[in-house]
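Trainee: I have a new model on my screen. Where should I start reading?
Mentor: Let us go feature by feature.

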Amino acid sequence: MRNYRIISLFAVLLAAFGLASCSDWTETEGLKSSVRKPWEQDPALWADYTAALRAYKQSEHFIVYAQLYNSPEKSGSEQDYMRCLPDSLDIVSLTNADNFSEFDREDMAVMREKGTKVLCHLDYAGRAEELADAAVLEACIDKAIALVRAEGLDGFAFTGTPRVGDAAAQAAAALLVGKFSAAKGEGQLLVFEGNPLFVAADDRDKVDYFVLDTERTQHAQDVKFKVINALDYAAVPARKLLLAAGASAPLYDEDRTEHAAVVEMTRRVVEFGPLGGLGVYDIGKDYYHSEMNYLNIRQAVQTLNPSK
């Protein structure tokens, strides 16, 4: 009992001392830290690595394309920055390009070293009502062209939804393709995302890649029908056609077995073609993979280009 009382008294005294001195014990003290980026750790090795990356991306291979919502108002993590995208990604389209930031400018140097094409994205399909007036649409296109020129981006991406007999939609498509293709410089790209029938038949050869609207398609058989429509009815060359997949979406095969869309769609790029490659939407959702950042996308690249 005596020992118990001594221990109890000691505990009370310790607590009292802790309360009296808490501010001294928990005073914040800044710690200096330094993060050395890969190119700072071994510049020569980094130069060799990026040279190999650029050579790979200039060779004949399946293309992997992604959308990135750059420079959000409040960044959640490194998933929001171009510098952290998978190195083997060929093309990234910036869906918040109107708010191109200083962080984006810094990351452009890394993108150039890696040979990754960076495009300005104009979502006409999602903003059709806002851009219904031809003058407003033209001003928006001109703004995108000015951004690409000012920031040294690698071209343009745009969306659209075909509407049979809709003269306004047809005029918008003609304006988008006409101005973007005329503004496209040496080595730059023009990419369309959606149903290729939005683009007039005579203008389709001006588009470098078509990312087919399969990102919400949940069954492989429906993907196949869309591919047939794009190849046969819209006459898009197979080498220009990419299949879109949502980073966290499911895709069911012919036996109704569920797969990760990025993984299964990768297999269909070869089976239904071979086609030009894969487009990945909501790419940030693959960043938080439990085993490795961007694991599914890295696996897709390796599956499509195993010897590269």
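Mentor: One term comes up at every step: two residues are in contact when heavy atoms lie within 4.5 Å. Keep in mind that this is a predicted model.

Trainee: Which residues does Leu137 touch, leaving out those up to four places away in sequence?
Mentor: Leu137 touches Tyr124, Leu131, Ala172, Leu175 and Leu176. Leu137 sits in helix α5. Take Leu176 as an example.

Trainee: Is Leu137 buried or exposed?
Mentor: Residues under 20% relative accessible area count as buried. Leu137 has 2%, so it is buried.

Trainee: What does the whole chain look like in numbers?
Mentor: There are nine helices and ten strands. The chain has 308 residues, and 44% of them count as buried. Now look at contacts between residues at least 6 apart in sequence: 71% of these join residues at least 24 apart.

Trainee: How do I read a pair of packed helices?
Mentor: Two values describe such a pair: the angle between the axes and the distance between them. The crossing is right-handed.

Trainee: Which residues of α5 and α6 meet?
Mentor: From α5 come Ala134, Leu137, Glu138, Ile141, Asp142, Ala144, Ile145 and Arg149. They meet Ala172, Leu175, Leu176, Lys179, Phe180 and Ala183 of α6.

Trainee: Which residues of α6 are buried?
Mentor: Ala169, Ala172, Ala173, Leu176, Val177, Phe180 and Ala183 are buried. Seen down the axis of α6, these fall within an arc of 150°, so they line one face of the helix. Ala167 and Ala182, on the other side, are exposed.

Trainee: What do the buried residues of α6 pack against?
Mentor: Four elements: β3 (117–122), α5, β4 (155–160) and β5 (189–194).

Trainee: Let me try α3. Which of its residues are buried?
Mentor: Trp46, Thr50, Leu53, Tyr56 and Lys57 are the buried ones in α3. Down the axis of α3 they fall within an arc of 115°, so they line one face. Ala44, Asp48 and Gln58 are exposed on the other side. The 16 residues of helix α3 (residues 43–58) should span 22 Å at 1.5 Å a residue, and the end C-alpha atoms are 22 Å apart.

Trainee: How does α3 cross helix α4?
Mentor: The axes of α3 and helix α4 (residues 102–114) come within 7 Å and cross at roughly 65°. That makes α3 roughly perpendicular to α4. In this contact, Trp46, Thr50, Leu53, Arg54 and Lys57 of α3 meet Arg112, Glu113 and Lys114 of α4.

Trainee: At what angle do α8 and α9 pack?
Mentor: Helix α8 (residues 261–271) and helix α9 (residues 295–304) pack at about 15°, with axes 9 Å apart. That makes α8 roughly parallel to α9. Their crossing is right-handed. From α8, Val262, Val263, Thr266, Val269 and Val270 take part. From α9, the partners are Asn296, Ile297, Gln299, Ala300, Thr303 and Leu304.

Trainee: What should I look for in the backbone?
Mentor: Most residues other than glycine have a negative phi, and most peptide bonds are trans. Look for departures. Gly273 and Pro274 are joined by a cis peptide bond, with omega about 5°. Pro274 is in the loop between α8 and β10 (277–281).

Trainee: Where is Arg256, and what is its phi?
Mentor: Arg256 lies in the loop between β8 (250–252) and β9 (258–260). Its phi is near 65°, a positive value in a residue other than glycine. Arg256 is exposed, with a relative accessible area of 60%.

Trainee: And what is the phi of Asp282?
Mentor: Near 55°, again a positive value in a residue other than glycine. Asp282 is in the loop between β10 and α9. With a relative accessible area of 44%, Asp282 is partly exposed.

Notes
Residues numbered from 1 in each chain as written. Predicted model: local features only at pLDDT ≥ 70, side-chain atom pairs only at ≥ 80, totals over all residues. Heavy atoms only, no water. Helix = DSSP H or I, 4+ residues; strand = E, 2+ residues; numbered from the N terminus. Expected span 1.5 Å × (residues − 1). Buried < 20%, exposed > 50% of the residue type's maximum accessible area, 1.4 Å probe, protein only. Arc of directions from axis to C-beta. Left-handed = near helix turned anticlockwise from the far one by under 90°. Axes fitted to C-alpha atoms, helices over the stretch in contact; angles between N-to-C directions. Parallel < 35°, antiparallel > 145°, perpendicular 65-115°, else oblique.
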